[in-house]
Amino acid sequence: MAKTISINAGSSSLKWQLYNMPQEEVIAKGLIERIGLADGISTVKFNGQTKSETKDIPDHTAAVKILLDDLISMDIIASYDEITGVGHRVVAGGEYFKSSTLVTDQVIQQIEELSMLAPLHNPGAVLGIRAFKELLPDVISIAVFDTAFHTTMPEVAYRYPIANRYYTDYKIRKYGAHGTSHQYVAQEAAKVLEKPLEDLKLITCHIGNGVSVTAVKGGKSVDTSMGLTPLGGTMMGTRSGSIDPGVITYLLECDSNLDTPQKIRKALNRDSGLLGISEKSSDMRDILAGKEEGDEKCRLAYEMYIDRLRKYIAQYFAVLNGADAIVFTAGIGENSSLVRKDIISGMTWFGVDIDPAKNVSGAYGVISTDQARVKTMVIPTDEELVIARDVERFKNPTN
């Protein structure tokens, strides 16, 4: 039976999920952490069991070798030959890639060139792609881009109001991210609502450590909160989200510690957001605990986070001229009933509300009352499945 593996590689981690295809049956999943360190961790979940080991994982090739050997040692596969397709999540496709593509040496080079658009993501993706190509050189390998879903945005949405030459010469524009997630939950929301996706206007909210909000009309992205890079948009775990561009020039002038683009990039990508305001953590669970304990910085971080999300959701009601549903997904969006409640409770003018009996841990589908003009929904995302489906499409182009 053909097996496809979906890969989400970061600079020091590699998340994976193995499928029987085309049945879309999840066989096993896992995570390799702390790549490049002596005490790396490899975790495999299979057949109701979880196996976790600490070992030296010097690089991504070693991580992939550990992954593949675990699949064999745990009798998940009999040999590498059972894996007939590998799909890689890549955040930034720029204007090179409008859809998923077959990996070639040129494609790898172009993904690497686009690292400035996703400095926290594309370099790790390249490492993962090269590691799999080294160990499984004859297996079809597909790059699936977060930005591809957003290539349907009209020019009025993706262009910035700066001189034309910055777009024509440097391709500075809004690209967005989390596209596979927004695409998946929009499709699933249509199934739950029992309406054609083509007839729906949805506001999809991917709320995890990274956060993005997308206006989806007829199944297509027409605007999204992330911009040229995944730094734009709403406040996130460690990312600032959108700020006055003047902040950057002001910092360059008044803080001698921020005297290079690299330092500015780190300050806004890694030292801001929930972490920067709370000075405690980028994890929403820690922020909520601190808030409950009376920590004023955690309270402020939480309220800013909710405020920014409300503002982006509200503006997409204008972009879409109304909406049929707001859809929450990803780690915080799926699991925090409090975050969902606090966002929606400040937007009741739009005809949204939440039924407390439905807004619980593990909620799925509609969580609003029957009287709500605009439905509020929770749909767990499945980016790995979207990747596996795209690999299958390349493996069987006539289907």
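Let's start in a loop: Pro-22 sits between strand 2 (14–20) and strand 3 (25–33). This is a predicted model, and in it the peptide bond that runs from Met-21 to Pro-22 is cis, with omega near 10°. As background, most peptide bonds are trans, and most residues other than glycine have a negative phi.

Asn-47 belongs to the loop that joins strand 4 (40–46) to strand 5 (49–55). Is Asn-47 buried or exposed? Its relative accessibility is 65%, so Asn-47 counts as exposed, the cut-off for that label being over 50%.

You'll find Glu-194 in the loop between helix 6 (179–193) and strand 9 (201–207), and with a relative accessible area of 71% it is exposed.

Lys-3, in strand 1 (residues 3–9), is another matter. It has a relative accessible area of 8%, so it is buried, as anything under 20% would be. What does the side chain of Lys-3 make a polar contact with? The partner is the side chain of Glu-82, at 2.9 Å.

Zooming out, the protein chain splits into domain 1 (3–145) and domain 2 (194–383). Their centres, taken over C-alpha atoms, are 28 Å apart. Ten residues from domain 1 and nine residues from domain 2 take part in the contact.

Where does the second largest pocket lie? Both domain 1 (3–145) and domain 2 (194–383) give residues to its lining, so the pocket lies between them. It holds about 1,200 Å³ of space. The lining has 36 residues, and the closest to the pocket's centre are Ile-172, Leu-228, Thr-229, Leu-231 and Ile-248. Helix 7 (246–254) and helix 8 (261–270) are the elements that give two or more residues to this lining. Helix 8 gives the most, with five residues. By class, the lining of the second largest pocket comes to 20 nonpolar, ten polar and six charged residues.

A search of the whole structure turns up two cavities of 30 Å³ or more. Here they are side by side:

| Cavity | Volume | Lining by class |
|---|---|---|
| Largest cavity | about 40 Å³ | one nonpolar, four polar, two charged residues |
| Second largest cavity | about 30 Å³ | one nonpolar, one polar, three charged residues |

Which residues line the largest cavity? They are Gly-94, Lys-98, Thr-147, His-150, Thr-151, Arg-173 and Tyr-175. The second largest cavity is lined by Asn-8, Arg-89, Glu-383, Glu-384 and Ile-387. Helix 14 (residues 383–395) gives the most to that lining, with three residues.

Note on methods. Residues are numbered from 1 along each chain as its sequence is written. This is a predicted model: local features need pLDDT of at least 70, side-chain atom pairs count only at pLDDT 80 or more; totals for chains, interfaces and linings use all residues. Side-chain values use heavy atoms; hydrogens and water are left out. On a 1 Å grid over the protein atoms alone, a cavity is a set of points where a 1.4 Å probe fits but cannot get out, and a pocket is an open set with protein on both sides within 12 Å along at least five of seven lines; lining residues have an atom within 4 Å of a point. Grid points are joined across faces, edges and corners, and a volume is the space filled by probe spheres set on the points. Helices (H or I, at least four residues) and strands (E, at least two) are DSSP runs, numbered from the N terminus. Ala, Val, Leu, Ile, Met, Phe, Trp, Tyr, Cys and Pro count as nonpolar, Asp, Glu, Lys and Arg as charged, and the others, Gly among them, as polar. Domain bounds come from an automatic or database domain assignment. Buried means under 20% relative accessible area, exposed over 50%, partly exposed in between (1.4 Å probe, protein chains only). A polar contact is a pair of N or O atoms within 3.5 Å; within protein, one must be able to donate a hydrogen and the other to accept it, and residues adjacent in sequence count only if both atoms are side-chain atoms. Contact means heavy atoms within 4.5 Å.
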